[in-house]
Amino acid sequence: MVDALYTAPVKLVEPSPWWLKGGAIFIGIIGLGAAINAIFLFGAGIILDLTYESMVNNRDEVCDDAEGSIECEEYDIILDIMRAYSTSGMWNVGAALSALIFLFTFPTVMVMWGNDRDMGLKLAWSWFGIHAFSGFYFVKEYTKISYLHQLEEVPSWVATFEAAATYGGTIFCELLLAAVLMLITHQTKPPTTIELPSGFHQDTPPET
């Protein structure tokens with residue numbers, strides 16, 4: 001049984017501060033992307049609303065004296081799809097989540113750049129949690145609407161494949177972010193000087 005712990009008689013190398021600084025740069029770049037995404041989603045929601053209202057106002061012109069025609073039925077199908085996307089809350093919620101990611105980026109980057117490992121990693125993993133939730137929320141809402149409003153001519157396996165590919169891409173991106181944070185977490189671990197004494201080099205053999 002080990003009776004004591006010893007410290008290694010060597011000078012330990014401190015982790016490079018550029019692991020945290022590099023993580024700050026990495027998160028900062030993605031945070032800027034989140035700001036652009038927030039603007040895009042908010043703008044997309046407005047454009048869809050305007051487009052849907054325009055299509056509703058133009059329906060009488062398209063279906064005038066042609067109610068029940070193929071052209072009018074196709075117009076109504078497209079109008080129903082536009083209504084689903086326009087009334088969906090995913091644009092506003094997605095924009096809000098992206099804006100939250102962008103705002104949360106500032107303290108995360110500042111703390112990590114200042115080499116505060118403990119608080120910096122806590123903020124970084126919290127930032128990652130918001131990012132992952134945002135991505136999966138938008139994919140879930142988007143695929144739900146796409147699946148419910150797919151055209152009858154399109155085989156069901158196409159929608160299933162599209163949903164699987166969309167979820168797969170999101171999972172891959174989030175796993176990549178998690179892998180980067182795990183690498184930073186591992187590479188910035190503080191060095192330890194504690195060593196267990198070897199049983200083969202003890203002057204007094206251990207009691208049995």
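Mentor: Start with exposure: buried means under 20% relative accessible area, exposed over 50%, and partly exposed in between, with a 1.4 Å probe and protein chains only. This is a predicted model, in which local features need pLDDT of at least 70, side-chain atom pairs count only at pLDDT 80 or more, and totals for chains, interfaces and linings use all residues. Residues are numbered from 1 along each chain as its sequence is written, and side-chain values use heavy atoms, without hydrogens or water.

Now the salt bridges. The structure holds five of them, each a side-chain nitrogen of Lys or Arg within 4 Å of a carboxyl oxygen of Asp or Glu.

Go to Glu141. Its salt bridge with Lys140 has the closest N and O atoms 3.0 Å apart. Glu141 also pairs with Lys144, where the closest N and O atoms are 3.4 Å apart. Lys144 and Glu141 are separated by about one helical turn, because they lie three residues apart in helix H4 (residues 117-148). Helices here are DSSP runs of H or I, at least four residues, numbered from the N terminus. Through shared partners, salt bridges join Lys140, Glu141 and Lys144 into one network.

Look at the exposure of that network. Glu141 has 11% relative accessibility, so it counts as buried. Lys140 is partly exposed at 42%. Lys144 is partly exposed too, with a relative accessible area of 40%.

Another salt bridge links Arg117 to Asp118, with the closest N and O atoms 3.7 Å apart. Asp118 is partly exposed, at a relative accessible area of 49%.

Now the other helices. The axes of helix H1 (residues 18-63) and helix H3 (residues 90-113) come within 7 Å and cross at roughly 160 degrees. That angle makes H1 roughly antiparallel to H3, a label for angles over 145 degrees. By class, the contact of H1 with H3 has 21 nonpolar, 10 polar and one charged residues.

Helix H2 (residues 70-87) has 18 residues, so at 1.5 Å a residue it should span 26 Å. The expected span is 1.5 Å times one less than the number of residues. The end C-alpha atoms of H2 are 26 Å apart, which agrees. The buried residues of H2 include Cys72, Tyr75, Leu79 and Ile81. Met82, Ala84, Tyr85 and Ser86 are also among them.

Definitions and conventions: Helix = DSSP H or I, 4+ residues; strand = E, 2+ residues; numbered from the N terminus. Axes fitted to C-alpha atoms, helices over the stretch in contact; angles between N-to-C directions. Parallel < 35°, antiparallel > 145°, perpendicular 65-115°, else oblique. Nonpolar A, V, L, I, M, F, W, Y, C, P; charged D, E, K, R; others polar.
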